[in-house]
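Good morning. Please look at the model on the screen while I go through it.

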Amino acid sequence: MMNVKGKNIIITGGSLGIGRETARNLVKKGANVLVTGRSYERLIKAKSYTGSKVIEFDISDHKNISDNAKNCIDILDGRVDVLINNAGIGVRKSIDELNIEDFLKVFNVNVFGLALFTKEIIPYMIKESSGTIINIGSTASLKGYKSGSIYSSSKFAVRCLTQCWQDELRPHNIRVCQVNPSEVTTAFGNAERVEREDVGNKLTSKEISHSIISIIEMHDRGFVNELNIWATNPFN
């Protein structure tokens, strides 16, 4: 079992929901966690809740990703053990409503930002010949759904990236995993970015956080390539 104590961990989009809960639980285990986010106000609240370090930047700002990644590396003294690509947004549109602006808005965060930021972090993992990358996908990356053309296709793309990186990075002892939550009661999809209240039979950030940390803690001789997480009985 890998001990996360003292590990340097970056969580993108960690000021709310799954990212924030995962940061809190990793800090409790002694990890050195850095959370990124777009809102300084939410980051300060997350810092108080989690005990993590925070840095403000927008992962869809591709021109500044290299500089922002360097700032993250500097904060973590030149080493990243785990990268959790959690930042993501979604748009629901029917076929007749599709437009390039919404596609770019979602793909700039979910796919292009994720990939370009990861590209900047990977050399530091290769240098150490170790590391774990966890891409937060969705069960929408497994099967499309009505009005899911934009969001679901972005998560299909993330699944493809994950599989490509697995092949490229395993020879460097770098594990690349994808976690696919079903519907979770977070602020995701909420324009006001307000966390939804827990519903007794629905998934919460706690279950996803538990899954993410279990993947990290597996002895690094093995890795989980993909994990789907469903609510047991969300139908009532």
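I will take the sheet, then the helices on it.

This is a predicted model, where local features need pLDDT of at least 70, side-chain atom pairs count only at pLDDT 80 or more, and totals for chains, interfaces and linings use all residues. Residues are numbered from 1 along each chain as its sequence is written, and side-chain values use heavy atoms, with hydrogens and water left out.

Helices (H or I, at least four residues) and strands (E, at least two) are DSSP runs, numbered from the N terminus. Strands pair if DSSP finds at least two bridges between them.

The sheet is open, with seven strands in the order 3-2-1-4-5-6-7 and parallel pairing. Strand 3 (53-56) and strand 7 (226-229) are at the edges with a single partner strand each, so one side of each has no neighbour in the sheet. Strand 6 (residues 174-181) runs parallel to strand 7, joined by four bridges. There, valine 179 has leucine 227 in strand 7 as its bridge partner.

Now the helices. Helix 4 (residues 100-128) packs on the sheet and touches strand 1, strand 4 (82-85), strand 5 (131-136) and strand 6; contact means heavy atoms within 4.5 Å.

How do helix 3 and helix 4 pack? Their angle is about 45°, and their axes are 10 Å apart. Axes are lines fitted to C-alpha atoms, for helices over the stretch in contact, and angles run from 0 to 180 degrees between N-to-C directions. The two helices are therefore oblique to each other: under 35 degrees counts as roughly parallel, over 145 as roughly antiparallel, 65 to 115 as roughly perpendicular, and the rest as oblique.
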